[in-house]
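Colleague: Can you take me through this one? I'd like to start with the rings.

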Amino acid sequence: MARIIGGIGTSHVPTIGVAYDKGKQEAPAWAPLFQGYEPARRWLEEKKPDVLVFFYNDHLNAFFYDLYPTFAVGVAPSYDVADEGAGRRPLPLLPGHPGLSKHIAECLVNDEFDPAVFQDRPLDHGVFSPLPLLWPHEGSWPGAVVPIEVNVVQYPLPTAMRCFKLGQALRRAVESYPEDLKVVVVGTGGLSHQVHGERTGYNDTDWDMRFIDLIEHDPMTLARMRHVDYIRLGGAESVEVIMWLAMRGALSDNIEKVHQNYYLATTTAMTVLVFEEKGDAAAVPGSGVNPQLEGIESIEGTYAFDISTARERLRLNRFFWNMKETAFREAFLADEAGACERAGLTPEETRLVLERDWLGLIRYGANFFVLEKFARTAQRSNLEVYAEMRGETFEEFLATRQVPDAR
């Protein structure tokens with residue numbers, strides 16, 4: 001089974017990435033910061049985790065206010081670096097772990113959390129600011145990441161207690177995953193800082209030291225605090241340290257702090273902590289199968305659309321989803337085969353589209369609610385598609401309905 005071997009709390013200040021890319025590791029003003037990450041890097045090198053689960057927030061680079069999720073789990077096979085306005089940073093693509101991330105998402109929902117899931121969205125400095133300091137990455141990264149986005153940007157935010165409980169739910173999910181994986185949980189953000197208004201530049205080292213002590217020895221005191229308490233003590237943007245509570249909630253009580261570094265370089269108290277699990281995790285029975293769907297294979301003619309299907313058939317489903325756009329529909333109708341080729345559809349996918357094989361598309365992994373957009377483009381009603389999937393004529397299908405003259 002998978003097991004959590006430790007946790008890391010780290011700042012994700014964007015200037016860390018800027019200094020890293022400019023090669024300022026030995027500059028007098030920056031050396032205390034970079035040297036402070038060296039023991040964390042060596043610890044990871046020694047422990048060799050397969051996966052880092054990153055609690056981070058997106059700084060309006062991949063998500064925006066039209067839809068900003070409270071929690072979102074990345075389920076992609078890889079993640080690009082977000083261009084935050086100054087160009088893409090020269091870092092390799094970051095591998096994901098689709099199997100574990102799908103399992104985590106399903107477990108969190110079954111544990112009565114409600115995360116969104118995302119695929120082809122880049123990750124910003126919430127992940128990529130500290131990650132190069134923690135993992136060597138010449139050519140490629142040494143493992144995979146499961147990113148879990150947390151809204152600490154637009155109120156209402158999840159409570160500190162909710163984040164702590166999210167970490168506890170994450171632990172249950174990881175320990176029920178059947179593959180033998182070593183996992184480290186990373187909580188990012190903070191510490192004390194404020195970057196807006198007349199209070200910009202606020203810091204409180206005394207509070208930071210107390211926070212560091214509490215996150216290790218008494219996280220429930222932090223979990224009971226309100227957002228306004230964090231803002232008053234550490235500055236408005238320091239409230240993002242509730243993501244450290246998600247990391248801490250994923251750890252047991254039997255931990256040892258093996259490293260700590262604190263450096264107030266600019267406007268944010270830059271910190272890295274490393275906690276190591278001292279005991280072995282108890283085995284939790286788990287098959288990696290969503291218990292809510294066990295037995296669905298016995299229901300004839302039924303195909304559950306799940307995260308794996310969404311990931312594996314993303315290209316085809318996006319092709320149908322794009323048919324909500326007038327220009328895309330017109331281009332398809334003008335040259336159907338060409339449109340399929342431009343979208344990168346496989347020969348099998350193209351055949352299913354051109355033949356209007358509705359049942360074949362469903363079995364292949366098309367979601368009906370994008371497939372119906374294609375049906376409208378092809379001037380077929382939903383009712384006509386239903387009939388074809390049932391192997392009936394339109395008239396035969398309507399005869400089974402309460403409104404047999406429906407069109």
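Colleague: Which residues do ring pairs link into a cluster?

Modeller: Phe319, Phe320, Phe328, Phe332, Trp358 and Phe374 are joined by ring pairs. Rings of Phe, Tyr and Trp (its six-membered ring) pair if their centres lie within 6.5 Å; planes under 30 degrees apart count as stacked, over 60 as edge-to-face and the rest as tilted.

Colleague: What should I know about the model and numbering?

Modeller: It is a predicted model: local features need pLDDT of at least 70, side-chain atom pairs count only at pLDDT 80 or more, and totals for chains, interfaces and linings use all residues. Residues are numbered from 1 along each chain as its sequence is written, and side-chain values use heavy atoms, with hydrogens and water left out.

Colleague: How many aromatic pairs in the whole structure?

Modeller: The search finds 20. One of them is Phe64 with Tyr65, a tilted pair at 5.0 Å centre to centre and 40° between the planes. Another is Trp207 with Tyr230, edge-to-face, at 6.4 Å and 70°.

Colleague: Where do Trp207 and Tyr230 sit?

Modeller: Trp207 is in helix α7 and Tyr230 in helix α9 (residues 227–234), 23 residues apart, so the pair links distant parts of the chain. Helices (H or I, at least four residues) and strands (E, at least two) are DSSP runs, numbered from the N terminus.

Colleague: Are Trp207 and Tyr230 buried or exposed?

Modeller: Both are buried. Buried means under 20% relative accessible area, exposed over 50%, partly exposed in between (1.4 Å probe, protein chains only).

Colleague: On to the sheet. What's the strand order?

Modeller: The order is β6-β3-β7-β2-β8-β1-β10-β9, an open sheet of eight strands with mixed pairing. Two strands pair if DSSP finds at least two bridges between them. β6 (116–118) and β9 (255–264) are the edge strands, each pairing on one side only.

Colleague: In which sense do β2 and β8 pair?

Modeller: Parallel, over five bridges, between residues 51–56 of β2 and residues 182–188 of β8. Val53 stands opposite Val185 in β8. Helix α7 (residues 205–217) packs on the sheet, touching β9 and β10 (269–277). Contact means heavy atoms within 4.5 Å.

Colleague: Which α2 residues are buried?

Modeller: Ala31, Leu33, Phe34, Gly36, Tyr37, Ala40, Trp43 and Leu44. After α2 comes Lys48, with a positive phi near 50°.

Colleague: Last one: which ring does the charged end of Arg199 sit over?

Modeller: That of Tyr202, 3.9 Å from its centre. The criterion is NZ of Lys or CZ of Arg within 6 Å of the ring centre and within 35 degrees of the ring normal.

Technical notes. Axes are lines fitted to C-alpha atoms, for helices over the stretch in contact, and angles run from 0 to 180 degrees between N-to-C directions.
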